[in-house]
Structures are given as structure tokens and as C-alpha cells.
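Please look over the sequence and the model before reading on.

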Amino acid sequence: MHARQFPLLTATVLAGLGFMGAMGPPILAPLRESIQAEAGISRAALGLGFMTTNLLGCLLGLILSRFLPAWTRVAWFRLGLALVALGLGVFLLPFEGHAWVWALAAGWFVITCGMAMTGTANGMVSDLWDASPHMGVILLHAVNAGGKVLAPLAVLLVGVSVGRSLAGFAAAFLVLAGLCWAWPRDGVRFLTDHERSRPPSLSGRGRLWLWVCGLQFVFIAGAEAGVTSILGSLIEVRRVPPGSLGAPVWSAVTVLIMLSGILAGRIVFTLLAARWSERRIIAWCLAAGLAGTVPAAFGTRAVVYLPGLILLGVSFSATWPAWFGLLARTWPAERTFLSFVSSVGNALGVSLMVGVSSLVGNRPDRLPWALAASAAVMLPFALFALATRRRLGPVRSGPGPRLSERPAADATGPA
């Protein structure tokens, strides 16, 4: 495991993706009814605005990081963290009225551009855990799930306030962006050499097939984003909170419980990754989603819908990283390109499904159907995974640069 040789580098990448998990639908979910009221817009309008801004920002970040090849993944990751911190800072400026809505859109555009650039972390972690890339990617997404839990937890701790909830995240991203420049030179060289040591091995039909497999992330990421983004509204508008809890507080608690299912699932599957294949992990995740969708969406009592939401969380836990790990071991020379393709899938899936779930759930009585429809988006991926079980399979990664092959690092100069 090369990751053990570079603790600061690995910790920064994991922490960056951890805090990144709190961005987007996880923090939108417990705050969206408050944002809608403050901005004076409908649920559909907020969802469509998020969809448009998120898609444009992500596409800009992806285009820049893909088609300016003079920069490496390390450089784009550093810049991505800095842009997220900048975008969060826009939210903290004292705008009011319509200006606040435009500032919100502008800040989110910058954030999503930066988030797209940090999507290269999946490829970097695959290289750090070269002998078992799916273990590394699942671990990364376990930390990412911890960040998802931070979003509703922050709301519970500081109240339903966009500014106060995001101020801490802005500070965290500034610190992480600074730590990137303290990475050891041998670690940066290792990642750069590993990226460049494997020239692309696919062209024509092979590259098209990788695109088809990689765009399954549209369904995987879209299902999670749709469920997470609409869940807070469903609970706040359609469910009675227990005891003396207010509806906004119970909404944040419920989102926290669902995201805790994601975190728990990723921890469990990280421990099992050394013995279980990617397909076995995916099968268990899909089974959990099948069992949890109906009670989560249509159960009216907490004793019914909370277990369903935990199962939905488990279904989203390791599906994404296990599929990425399977593709990374099927095409070990294409990890950089696969990171790009998976980021495109994320951008499309998250953007589209937040918009679709918001449109379906614009009327309060349709909120349960919005959650169920979002979860059902995982079905096309399940059918595709079943149909390709004989065409995709892990192969041992080809040789890449090893620490033992590297010259002694120069102790002076910037990384």
C-alpha cells in the first residue's frame, strides 16, 4: 500500500473528499425549505436552479481539467480545493433579496467547478492502493460519507442557517488547500509518474465501451442525489415529528440517519473489500435498496420509514466505489480517463436527478413519489451490471513506478 508512505498526502486527499461529501444534496436537504422560503421560490425552481448551475459548473471544471493536459491531477486537485473555499466565501457575503439568490448561484457555480476538478482523487487513490484499487476507493468514499453526515449535523448544531453552516466548511477547505502545498516532493513525483507511466491502451470501440460502463455513474450518483435532496422536504412537509421536535429539526435528524446508513455501509464494505469482490458488494447494496425504498417513501410512522432510510443509505454506500474499482482493475491503464468519465457521470446524474426529484415533488402530495422515483433510478444500472457480469472482471494492474525505484528525494524546494 503506497498510501502508507505518504501520510500527509493521503490524509489531505481523504479529508478533502470527506468535506466534499457535505457539499451539494447533503447540505441542501436539511436547508432547502429554509432556502426556498428565504428566496421566495418554489421547490421546483430551487431544484432547476441547482440543476443548471451544478451542471454548468461541473462541465467547466471537467473541460478545464481534461483538455489542459499540461497540468497533472495533483495540480487540478489543489486548484479545486481552493475554488471550493472561494465559492463558500461568496455565501458569507451580506447580500439581501434577489442579490442573495444570484450570489447563491454564483457561489455554487464556483464550488461545483472546483468539485469537478477534485474528481481526480479517485484515480490518485487507485494509484496509492495499486494492489487493491477498489479497497482504496471504497475507503475514500467511506471518508466522503463521513462528510455527508457532517452536513445535517452542522445544521443541528448551529441552526437552520446557510451562513453559519458553511462558514466552518469554508475554513476547512482553506486549510486543506494550504496543506496540499506541503505534500512531500517524492509523493507528488510518484503520483505524476504513475499517471504518465501508463499511456492510454484503448481507442475506438474500446474507449466507447469504457464510456458506456463509466456513464453508469449517472444512475448511481443520480439516485443518491435525488433521494438525499428531496428527503428533507418529504419529512418536513409530510411527516409528523416525534415528541416536541420541530419539523425542521426532525428533517435534519432524518437526513442524518439516512446518511449514517451510507457511512456505516462504507465502513463495513471497506473492511470486507479485501475478501469480497466488487460485484458481491454491489449485489448486497442493490438488495438493500430494493428492501428499503417502499417503507422509506411511503411509510408514515418513524418506526417504518427510518429503517427503510437506513437501508437506502446502505444501498448508496459502496455501489459507486465498488463499480469504480471494478472498472479500474478492468482497465488499469485508463484510471485517469476513468476518473474523468466518472466525474462526467456524477455531474449529469446529480444535476439531473435533483432537478427531476424537485419537479416531481413540487406538490407536497407527490413528495413520496419523488423519493421513490429517485431510488428507482438505480434499476438501469442493476440491469447493466447483471448483463455485463461476464464481460467485466478485475485484472491485476500492470507495473507502475515503485518507491524502491525512485531516486532519493531532494529535501529542498517546493513539492
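## Cavities in the model

The model shown here is a predicted one, and a search of the whole structure finds two cavities of 30 Å³ or more. The largest cavity has a volume of about 640 Å³, while the volume of the second largest cavity is about 30 Å³.

## The largest cavity

The lining of the largest cavity is made up of 34 residues, and those that lie nearest its centre are Met115, Asn144, Lys148, Asn346 and Val350. Two or more lining residues come from each of helix H1 (7–20), helix H2 (25–39), helix H3 (43–67), helix H5 (97–117), helix H7 (133–158), helix H11 (217–238), helix H12 (247–272) and helix H16 (335–360).

Of these elements, H16 provides the largest share of the lining, with five residues. Sorted by class, the lining of the largest cavity holds 18 nonpolar residues, 13 polar residues and three charged residues.

## The second largest cavity

Around the second largest cavity, the lining consists of Val90, Phe91, Leu93, Phe95, Trp100, Ala103 and Leu104. The elements that contribute two or more residues to this lining are helix H4 (73–91) and H5, and H5 gives the most, with three residues.

When the lining of the second largest cavity is divided by class, seven residues are nonpolar, none is polar and none is charged. The lining of the largest cavity, by comparison, includes 13 polar and three charged residues beside its 18 nonpolar ones.

Notes. Residues are numbered from 1 along each chain as its sequence is written. This is a predicted model: local features need pLDDT of at least 70, side-chain atom pairs count only at pLDDT 80 or more; totals for chains, interfaces and linings use all residues. Side-chain values use heavy atoms; hydrogens and water are left out. On a 1 Å grid over the protein atoms alone, a cavity is a set of points where a 1.4 Å probe fits but cannot get out, and a pocket is an open set with protein on both sides within 12 Å along at least five of seven lines; lining residues have an atom within 4 Å of a point. Grid points are joined across faces, edges and corners, and a volume is the space filled by probe spheres set on the points. Helices (H or I, at least four residues) and strands (E, at least two) are DSSP runs, numbered from the N terminus. Ala, Val, Leu, Ile, Met, Phe, Trp, Tyr, Cys and Pro count as nonpolar, Asp, Glu, Lys and Arg as charged, and the others, Gly among them, as polar.
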